[in-house]
Amino acid sequence: MILKTRPDEDGLERVIEKLGQQGVEPKDLDISKGTSSYIIGIRGDTSGINEGAFSGMPEIEDVIRMTVKWKLLSREYHPEDTVVKVGDIEVGRGLTIMSGPCAIESYEQLLKTARAVRSAGAHMLRGGAYKPRTSRVDFQGLGEDGLQMLKKVKDELGLPVVTEITDKENIPLFQKYDIDVYQVGARNCQNFPLLKALAGIDRPVLLKRGDHISVDEFLNAADYVYSGNGENSGNKKVMLCERGDKTADPAYRNVFNINNIPNLRQMTHLPVIADPSHSTGERRLVLPVACAAVAAGAHGVIIEVHIDPPNALCDGKQSIYAKDAKEMARQLKTVYAAVHPR
Ligand code: PEP
Ligand code: MN
């Protein structure tokens, strides 16, 4: 349930008092203060609240009973876009480009790719140290050594870094190496112990939609991080990432779900990022799909770039050549400017 009130502190107090009479404790309230109204979100079971009790109050503009469980992510609760700060970068304002290799293979490979993507205009470096692979015989990532390399390159080039966390036990290691953005991969979209633990960190989380996870399931997953739970109080720095579904057509590794870009933008206030690499699986499709996502309203893209794709240890087929990163960024910025004229 959401109550919209006029922006006035005394009025807010009176509404909170009235809610108390209805058995709602202050700890169950999430108050968002906008300039034109204050919005009070009420957590948990609100079926016992009598809406009529508020109808005569001049402070109240609107009472909205919500059927979704991820109330705090909704536009009704939070009409303005959320901007997630990563260092000096503001995700949700302008276009954010995150790129780098699928997997960190060596310090040299990471540094060369990072230099290429930085000079191409990327805002963040992505690189996987822990790789969830379908087969146990495939390269699993460099683990802690990879995190160490990321930290070194980050310090050298001043680029914030994004990397995937596969297990909550690794949070202290991610903190030790000062990882900026914790990516939750498609396979872990509903890893609830991981999501609950990430609700307790103060770093941004990039949550990928799992293969065949519905919009409602996806937003419920994001809500574990955003709204908190019994273990942790919530982490408001959540970014949503669309990365496609497997379909019956063997032509594609996955198929990008373009609907989800405008839909998530309309339903929620969180930044929406597109992953055209995993949602196509094919280098020649990455840029056109990325452009389509930006045209549809994506706040950013996460794109795999490699210095030597044919010899990449992971996802070479879908990786952009580092030498093409500049042209890719140029085209994406052109599309962004066309749909967001100043
Ligand atoms: C990745 O980003 O390299 C990755 C493993 O992606 P996903 O979780 O979307 O499969
Ligand atoms: Mn990959």
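What spacing do the donors of the manganese ion (ligand 2) follow along the chain? The spacing is C-x175-H-x25-E-x10-D. Donors here are N, O and S atoms within 2.8 Å of the metal (3.2 Å for Na, K and Ca), and since water is not among the atoms, sites may look incomplete.

This is a predicted model, in which local features need pLDDT of at least 70 and side-chain atom pairs count only at pLDDT 80 or more, while totals for chains, interfaces and linings use all residues. Residues are numbered from 1 along each chain as its sequence is written, chains are lettered from A and ligands numbered from 1 in the order in which they are written, and side-chain values use heavy atoms, with hydrogens and water left out.

**Metal site**

The manganese ion (ligand 2) is coordinated at 2.0 to 2.4 Å by C102 through SG, H278 through NE2, E304 through OE and D315 through OD. C102 lies in the loop between β7 (96-100) and α3 (107-120) and D315 in the loop between β14 (300-306) and β15 (320-321), so the pair ties together parts that are 213 residues apart in sequence. Helices (H or I, at least four residues) and strands (E, at least two) are DSSP runs, numbered from the N terminus. H278 is placed in the loop between β13 (272-274) and α9 (283-295).

The table lists relative accessibility for several residues; buried means under 20% relative accessible area, exposed over 50% and partly exposed in between (1.4 Å probe, protein chains only).

| Residue | Relative accessibility | Class |
|---|---|---|
| C102 | 1% | buried |
| H278 | 8% | buried |
| D315 | 18% | buried |
| T82 | 11% | buried |
| Y107 | 24% | partly exposed |

The side chain of H278 makes polar contacts with the side chains of E304, at 3.0 Å, and Q318, at 3.3 Å. A polar contact is a pair of N or O atoms within 3.5 Å; within protein, one must be able to donate a hydrogen and the other to accept it, and residues adjacent in sequence count only if both atoms are side-chain atoms. Not counting residues up to four places away in sequence, H278 touches R126, K208, R243, R253, N254, E304, D315 and Q318; contact means heavy atoms within 4.5 Å.

**Helix α3**

The 14 residues of α3 should span 20 Å at 1.5 Å a residue, and the end C-alpha atoms are 20 Å apart, which agrees. The expected span is 1.5 Å times one less than the number of residues. Buried residues of α3 include L110, A114 and V117, and the buried residues of this helix pack against β7, β8 (124-126), α4 (144-157), β14 and α10 (325-339). Y107 is also in α3, and a polar contact of 2.6 Å joins the side chains of Y107 and E156. G121 follows the helix with a positive phi, near 110°.

**Cores and domains**

A nonpolar core is a set of buried Ala, Val, Leu, Ile, Met, Phe, Trp, Tyr and Cys residues joined through side-chain atoms within 4.5 Å. The largest has 74 residues, of which L125, L198, I303 and L332 touch the most other members. Helix α7 (residues 215-227) gives the most to this core, with 7 residues. A second, separate core of 15 residues includes M1, L12, I40 and I49.

The domain assignment, automatic or from a database, gives domain 1 (2-65) and domain 2 (84-339). Their centres, taken over C-alpha atoms, are separated by 37 Å. T82 is found in the loop between β4 (60-64) and β5 (84-86). Leaving aside neighbours within four places in sequence, T82 is in contact with V91, G92, K236, H269, L270 and P271.
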